[in-house]
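Thanks, everyone. I have one structure to go through today, and I will keep to what can be computed from the atoms. Please have a look before I start.

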Amino acid sequence: MSEPTQKSLGGWARDVSESARSLWEGMSVTLSYMFKKPITTQYPDRMPLPVVHTLPTRYRGFLEVDMDTCTACQACERACPIDVINIDLIRGDGVTTPKTAMERFDIDIGKCMFCGLCVEPCPTGSIQHTREFEGAAMAFDNLTLRFVPDPAKPYPAYKPPKGADAYPRKPLGEIVRKLIREWDAPAPAFPQRDGQTPRPGPAEVSHVPR
Amino acid sequence: MSAAATAISLSLSTIAKTSNPRSPEQLVDGLLRARGIEASSPLSTLAMVAALLAIAFIVVNCAAIAAGIFSWLERRIAARMQSRVGPNRVGPAGFFQWIADAVKLLLKEDLIPEGANVHLFRAAPYFMMVGFACTFVALPFSHALIAADLGVGVFYLLAVTAFVVVGVLASGWSSNSKWSLFGSIRSAAQIVSYEIPAGMALLVPVLLAGTLSTQGIIRAQGGWPWQWFVFHDPAALAAFFIYFISALAEGNRAPFDLPEAESELVAGYNTEYSGMRFSYFFLVEWGNMWVMSALATSVFLGGWQLPGLDAARFDALTGGAAIGLEIVSLALFALKTMSLVFVIMWLRWTLPRLRVDQLMSLCWKYLVPVSFAGALFVAGWMLVVRAAPVLDLLMRGALTALGALVVTLFVRRTLSNVRDVGDRLDVRGNW
Ligand code: SF4
Ligand code: SF4
């Protein structure tokens, strides 16, 4: 792409007039954009509607389990293709302790791909997608939602009444919103090796005063 | 040629005569005299030095604050032109963003790369700052507000703006980085080349006013558009555009921002800088917009002249009216300058960057010949006008009408650009 070194006066004038014309058009276009409304959506706080209200009706947000209606059938655990759900059961004698109880019901939201396969087989509608999707965690481990907070206090399995086709359920999202609030907690310390002092987790490091 | 010579000698003879009665020195002197302190006493020298330091402090700070505000303004304008919002969280409409950024930059570590020439690397930003701050000495702000109305004002301004190139070269060379070096060498080539059309274009108002003093050139114009030098004759109009383009190139502004072309040179001559020193480079870049716009306003757009009030009557005013009109003239000057600053920002978000060869061909094949021809034409035209003053009026009227027509057509084109895509004007939405 080499331009001719010699230019006729006509070509010279044409260059000037072409530049002027393209300036005219170009500047008019940019100016017109300046006087239009920016298309930016100022998420999350400066919006005409809160985002939750603009989500589609069958939006798949964080999973939530209502432990009061969970039958401990583990159908969801089996359905999950990537082993996101972990349920640990303990058996009791049925007299002093419940026959079946759940020691652990963990859903690793950091791994979940929100496919919804776990929701399908649930007999009571205990596991559901909520409309919650916002959250920030100080550590990756915090992303695991623990629906049995304390393994020492296992949850007894729910016995659905005979012939029932609807089950009582807490309002969707209530449980998971409480759990998300704990995401801000500092990360647990890294596992200790023999003869070493425990190192602080990454979240704690950022709070160390210099 | 003889026409030009006559006109130049005519101008030179008037340079000697122009003097401005209102300078800060005389103000301080008057204050001292009012208290019975003679100019010969040592106290007077002390007061004079203190006053000069105070003026320097005010001027440098004004420059820095203006640059900071422009950084915010540019980001807001750029954002809207790209259908974005821009920084809008710190303070009303994000106005305090520049303070937040300044604080952030001041707190950052000041890194010096290994193998850099330490002293030169440290000193380079100050070269830039000095060259930039010095321009504010001769730049007028209003009828009486000017740090020093130098007899060689325009010449001085051209000289000190070129001083920035020392800082650019020093920073690029001392960084020991190929990107910095390329950036600074491009910048030097650019500034040296564009000095010529800029100087020739500024010669046109100097010829017309017969003085190099910035205040003197403003005084030679009037408040109404047809009294401005830009509409004096076609060559002056061309000179205005040539000066504007050259000043863009000298200030390394888009579309001539080759020295800091991100896609090729990372950030050009300031690649290796961080923290406070880095912020100086940006201070200078944004502050330069004010400098070039203020100079263009002064010499081509009538400066602070108020419509319907000529400079001599302005001088004679006293008391409240004088102060009130002083503020109005300050506002008018700022308004004109800000409009030009806006055009600079607007151009940056409209035009793509030029190639180096295009940059040079624009300068040497287009701007230089036209600026020389323009200076000659103006000299001839001044002689024609002296013989037939009515031609002057006709030409100014025609050019002002042409200017108004172009602006009207442009506004209509822009409005139709908005409406043709089914949109509507909305300036307030989504701040
Ligand atoms: S949504 Fe899909 S990935 Fe997530 S837990 Fe359910 S089955 Fe597993
Ligand atoms: S959540 Fe539903 S599917 Fe999963 S164990 Fe409980 S009852 Fe079964």
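Predicted model: local features only at pLDDT ≥ 70, side-chain atom pairs only at ≥ 80, totals over all residues.

Chain A first. Its secondary structure consists of five helices and six strands. Going along the sequence, the order is α-α-β-α-β-β-β-β-β-α-α. The chain has 210 residues, and 31% of them count as buried.

Now the ligands. Ligand 1 has 13 residues around it, and the closest are Cys80(A), Cys112(A), Cys115(A), Gly116(A) and Cys118(A). What is the make-up of that shell by class? There are 12 nonpolar residues, one polar residue and no charged ones.

Around ligand 2 we find, among others, Cys70(A), Cys73(A), Cys76(A) and Cys122(A). By class, the shell of ligand 2 splits into nine nonpolar and three polar residues, with no charged residue.

On to the salt bridges. Over all chains, the structure holds 15.

Are the two partners buried or exposed? Glu64(A) is buried, at a relative accessible area of 0%, while Arg169(A) is partly exposed, at 25%.

In chain B, Asp101(B) bridges to Arg75(B), with 2.7 Å between the closest N and O atoms. Asp101(B) belongs to helix 4 of chain B and Arg75(B) to helix 3 of chain B, 26 residues apart. Arg75(B) is partly exposed, with a relative accessibility of 28%.

The other chain B pair is Arg277(B) and Asp110(B), again with a closest N and O distance of 2.7 Å. Here Arg277(B) is in helix 11, residues 275–300, and Asp110(B) is in the loop between helix 4 and helix 5 of chain B; the two are 167 residues apart. Arg277(B) counts as buried, at 10% relative accessibility, and Asp110(B) as partly exposed, at 34%.

The network is back in chain A: Asp88(A), Arg104(A), Asp106(A) and Arg146(A) are joined by salt bridges that share partners.

Next, the surface of chain B. A nonpolar patch is formed by Val90(B), Phe96(B), Ile99(B), Val103(B), Leu106(B), Leu107(B), Tyr126(B) and Met276(B), with about 700 Å² of accessible area together. Which element gives the most to this patch? That is helix 4 of chain B, residues 97–107, with four residues. Phe96(B), also in the patch, is located in the loop between helix 3 and helix 4 of chain B. Its relative accessibility is 37%, so Phe96(B) counts as partly exposed.

Last, the domains. The assignment for chain B gives domain 1 as 2–40 and domain 2 as 108–387. Taken over C-alpha atoms, the centres of domain 1 and domain 2 of chain B are 24 Å apart.

That is the end of the tour.

Methods
Residues numbered from 1 in each chain as written. Chains lettered and ligands numbered in written order. Heavy atoms only, no water. Patch = residues over 30% accessible without salt bridge, like charges linked within 9 Å, V, L, I, M, F, W, Y side chains within 5 Å. Areas by Shrake-Rupley, 256 points an atom, 1.4 Å probe, with all protein chains shown as cover. Salt bridge = Lys/Arg side-chain N within 4 Å of Asp/Glu carboxyl O. Buried < 20%, exposed > 50% of the residue type's maximum accessible area, 1.4 Å probe, protein only. Domains from an automatic or database assignment. Near = heavy atom within 4 Å. Nonpolar A, V, L, I, M, F, W, Y, C, P; charged D, E, K, R; others polar.
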